[in-house]
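Thank you all for coming; I would like to take a few minutes to walk through one model, beginning with a term and then moving from single contacts to the meeting of the chains. Please keep the picture in view while I talk.

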There are 2 protein chains.
Amino acid sequence: MYLSLRKRFGQRVRELRKSAGFTQEAFADRCGYVRAYMSRIETGGANLSMDAIETLAAALNVPVSKLFENL
Amino acid sequence: MYLSLRKRFGQRVRELRKSAGFTQEAFADRCGYVRAYMSRIETGGANLSMDAIETLAAALNVPVSKLFENL
């Protein structure tokens, strides 16, 4: 089953967020987003911008390449 | 000197476009973009969306991860 890039990316953010030990609420705060938007990101409902991608990587303390590894 | 993600990504698109042998005009056409927008992408002036990133990767015939390798 082909998953869109948005969905695959959302799953990657969720995996990395959980392994970093953040709740969705705490991570949304850390990024300056409301929780509902973070939920849309993680479920592939948001068409993220490059600047938002940079914000997520910084908040997860990983290089942007890690967010796209094998995607 | 710190280059924003937009600028580093734009340079990567330019490198991959050139090694694939496309002029900027031909590649813009292939993506369904006007040349001026492609020029903004390559110079880091555009805050690309995830869908646009997916379009660029498909047009370059590379996985999305390649566009972000070491960024």
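A salt bridge, as I use the term today, is a side-chain nitrogen of Lys or Arg within 4 Å of a carboxyl oxygen of Asp or Glu. Before I apply it, please bear in mind that this is a predicted model, in which local features need pLDDT of at least 70 and side-chain atom pairs count only at pLDDT 80 or more, while totals for chains, interfaces and linings use all residues. Residues are numbered from 1 along each chain as its sequence is written, chains are lettered from A and ligands numbered from 1 in the order in which they are written, and side-chain values use heavy atoms, with hydrogens and water left out.

Let me start inside chain B, where B:Glu42 and B:Arg14 form a salt bridge whose closest N and O atoms are 2.8 Å apart. B:Glu42 belongs to helix H3 (residues 35-42) of chain B and B:Arg14 to helix H1 of that chain, so this pair ties together parts that are 28 residues apart in sequence. Helices here are DSSP runs of H or I with at least four residues, numbered from the N terminus. How accessible are B:Glu42 and B:Arg14? B:Glu42 counts as buried, at 3% relative accessibility, whereas B:Arg14, at 31%, counts as partly exposed; buried means under 20% relative accessible area, exposed over 50%, and partly exposed in between, with a 1.4 Å probe and protein chains only. In chain A, salt bridges that share partners join A:Arg14, A:Arg17 and A:Glu42 into one network.

Those three residues come back when we turn to A:Gln24, which touches A:Arg14, A:Arg17, A:Arg35, A:Met38, A:Ser39 and A:Glu42, not counting residues up to four places away in sequence; contact means heavy atoms within 4.5 Å. A:Gln24 sits in helix H2 (residues 24-31) of chain A and is buried, with a relative accessible area of 12%. Its side chain makes a polar contact with the side chain of A:Arg35 at 2.6 Å, a polar contact being a pair of N or O atoms within 3.5 Å where, within protein, one must be able to donate a hydrogen and the other to accept it, and where residues adjacent in sequence count only if both atoms are side-chain atoms.

A:Arg35 has a further partner, A:Glu25, in a salt bridge with the closest N and O atoms 4.0 Å apart. Since A:Glu25 lies in helix H2 of chain A and A:Arg35 in helix H3 (residues 35-42) of chain A, the pair ties together parts that are 10 residues apart in sequence. A:Glu25 is partly exposed at 48% relative accessibility, and A:Arg35 is partly exposed at 40%.

Now to the two chains together: how is chain B placed relative to chain A? A rotation of 180° with 0.0 Å of shift along its axis superposes chain B on chain A, with an RMSD of 0.0 Å, and the two copies are thus related as by a two-fold rotation axis. The superposition is by least squares on the C-alpha atoms of residues with pLDDT of at least 70 in both. In chain B, the C-alpha nearest the axis is that of B:Ser49, 2.1 Å from it.

The contact takes 20 residues from chain B and 20 residues from chain A, and 100% of the interface residues of chain B are also interface residues in chain A, so the copies meet through the same surface. Between them the chains bury about 1600 Å², 59% of it on carbon and sulfur atoms, where buried area is the accessible area (1.4 Å probe) that two parts lose on being put together, summed over both. B:Leu5, B:Met50 and B:Glu54 supply 38% of the area that chain B buries against chain A, more than any other three residues.

How many salt bridges cross between chain B and chain A? The count is four, and among them B:Arg8 pairs with A:Glu54 at 3.6 Å, while B:Glu54 pairs with A:Arg8, also at 3.6 Å, N to O. The latter pair runs from helix H4 of chain B to helix H1 (residues 5-19) of chain A, and A:Arg8 is partly exposed, with a relative accessible area of 22%.

Note on methods:
Helices (H or I, at least four residues) and strands (E, at least two) are DSSP runs, numbered from the N terminus.
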